[in-house]
Amino acid sequence: DARVAMFHYETGDLRRRFHYVLHFTKAKDIFWDGGMPLECRHYAYRMQMQRKAEEILKFRRDYPQFGRRVVGIDACAQEIGCRPEVFACVFRTLKQLSVSALDLSGDFELPQLKITYHVGEDFLDVVDGLRAIDEAIHFLGIDCGDRLGHTLALGVDVRAWYRQKMGQITIALQDYLDNIVWMHHAITKYNLAGMGAFIGWLEEQYTRYFTYIYQPILKEMAYEESGAAFFQGNFDIHTYFLSWILRGDEPYLYRTGKFQEVIHVSDKWMRYAVNADKVRSDDIRHIPEVVLMYYMYHYNRAVRIKGEEKATISIPKQYIDGVVLIQKAMREKIVKRGISIEMNPSSNLSISTFSDYAKHPIKELYNLGLSMNETELMECPQMNVSINTDDKGVFSTRLENEYALLACALEREVTAEGEAKYKRECIYEWLDRIREMGIRQTFMGVEEGRWE
């Protein structure tokens, strides 16, 4: 009896200690140019993810005593070539569906799964990283209480990054076109002053690359279809942006070239196939030009082949100025939404362009308790950040090491006069505040009190 009691005590303690976040590993699209009909981008991977999501839901329903220890979902691994849109339907479905089950104490409901998404760490252009962060928020339904991992694009020194790249980027034409359109909208959305000339430049770039990738196909359609006048319609930068918004929807709803209304909402995959929370009006889903642009993005072979071509593009000063302002506006937006940021110093050092822990952008996002300069404190967004290991095995580290590495790096920093830049006591106070934020970022806090 004593051994049995000890067993139950120990296993009960383990259940209290361990909670789990289930990972989806990102994968590049495999574009095979030999079959008909052409499937949407990441078609096979989307189907694979949906099958995995079904198993997660089944596990939580059939084994609630264990399923309640699963508190979140994540998407990890290299993000270049795998945009947040790929995970949109699966993540929205898993987040919104909770499971009721019968416990000995009565009915209980498993907690809503939270989302953590690794984004904005590896990118070919800072704009590409910022756009990915924005896509993750809007397409996946990331909101207050959820987390974004890495997000170096939010903290990186924009001007220094472009100097290191010698003012040039090498990028796929489709990504560059998307970035141009997204920047154009961001300037208007955030009401950024002094960008009039730059908006004109963006519109010129849009016309150039849209004409190259999409216009020849539109002309072919005009000859092949009886409604040639339709294909003379409005395909300006605003129309293209509306088609970008629809990337949070499931592509199969558009595979005929027209939006297919969701009728069977009892099916969970149909219920969350449309990104209804972020695109509340169905009007844009019935604008022919908008739907056609979305359809071509996924299902037109020539568009996809041209979009994958790469180019080296020289970046003008006004472009960099615009990125600086957009980055600042996005920081403030994320703070207001209550989204937390996971920083992974050793992982970031290995993957990013900076080579010193002292250059890690975490202090650009949160410096309360570290800096004594009033201007620096006011200009910093004071985001909810945490320090993490990412993958302890891959980067041969522990959480204690990550804190120590940052502390040592900051203690070595000196001013132009050769004096210590930060007081040791301030460094430790800053790290302790981050530690406390990290505890609050865990997905189990509120629910654990309800379970135990």
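H42 is buried, with a relative accessible area of 7%; here buried means under 20% relative accessible area, exposed over 50%, and partly exposed in between (1.4 Å probe, protein chains only). The residue sits in the loop between β1 (20-25) and α2 (43-62), where helices (H or I, at least four residues) and strands (E, at least two) are DSSP runs numbered from the N terminus. Although H42 is not a glycine, its phi is positive, at about 60°. This is a predicted model, in which local features need pLDDT of at least 70 and side-chain atom pairs count only at pLDDT 80 or more, while totals for chains, interfaces and linings use all residues. Residues are numbered from 1 along each chain as its sequence is written, and side-chain values use heavy atoms, with hydrogens and water left out.

Q382 belongs to the loop between α18 (374-379) and β10 (385-387), and at 23% relative accessibility Q382 counts as partly exposed.

## Helix α15 and its end

How far apart are the end C-alpha atoms of helix α15? They are 31 Å apart, which agrees with the 30 Å that the 21 residues of this helix (residues 317-337) should span at 1.5 Å a residue. The expected span is 1.5 Å times one less than the number of residues in the helix.

In α15 the buried residues are Y319, I320, D321, G322, V323, I326, Q327, A329, M330, R331, K333 and I334. Just after α15 comes G338, which takes a positive phi of about 75°.

The term stands for a side-chain nitrogen of Lys or Arg within 4 Å of a carboxyl oxygen of Asp or Glu. K58 and D62 are four residues apart in α2, so about one helical turn separates them. K58 is partly exposed, with a relative accessible area of 39%, and D62 is partly exposed too, at 35%.

F59 is also placed in helix α2. At 31% relative accessibility, F59 counts as partly exposed. Together with Y63 and F66, F59 forms a nonpolar patch on the surface, with about 300 Å² of accessible area in total. Patches are made of residues with over 30% relative accessible area and no salt bridge; like charges are joined within 9 Å, and nonpolar side chains (Val, Leu, Ile, Met, Phe, Trp, Tyr) within 5 Å. The areas come from the Shrake-Rupley method with a 1.4 Å probe, and for residues only the protein chains shown count as cover.

A search of the whole structure finds 27 salt bridges. One of them joins the side chains of R83 and E135, at 3.0 Å from N to O. R83 lies in the loop between β2 (70-76) and α4 (88-96) and E135 in helix α5 (residues 126-140), so the pair ties together parts that are 52 residues apart in sequence. Both R83 and E135 are buried.

E135 has a further partner in R131, with the closest N and O atoms 2.7 Å apart. E135 and R131 are four residues apart in helix α5, so they are separated by about one helical turn. R131 is buried, as is E135. Salt bridges that share partners join R83, D128, R131, E135, D175, D178 and R247 into one network.

## Contacts across the sequence

I171, in strand β7 (residues 168-172), is buried with a relative accessible area of 0%. I171 and K310 are 139 residues apart in sequence, yet their C-alpha atoms are 5.3 Å apart in space.

V156 and P361 are 205 residues apart along the chain, and their C-alpha atoms are separated by 5.7 Å.

## A negative surface patch

Which residues gather in a patch of negative charge on the surface? They are D157, E364, E376 and E379. Lys and Arg count as positive and Asp and Glu as negative, with His and the chain ends not counted; each charge is placed at NZ of Lys, CZ of Arg, CG of Asp or CD of Glu. E364 is found in helix α17 (residues 362-365) and is partly exposed, with a relative accessible area of 39%.
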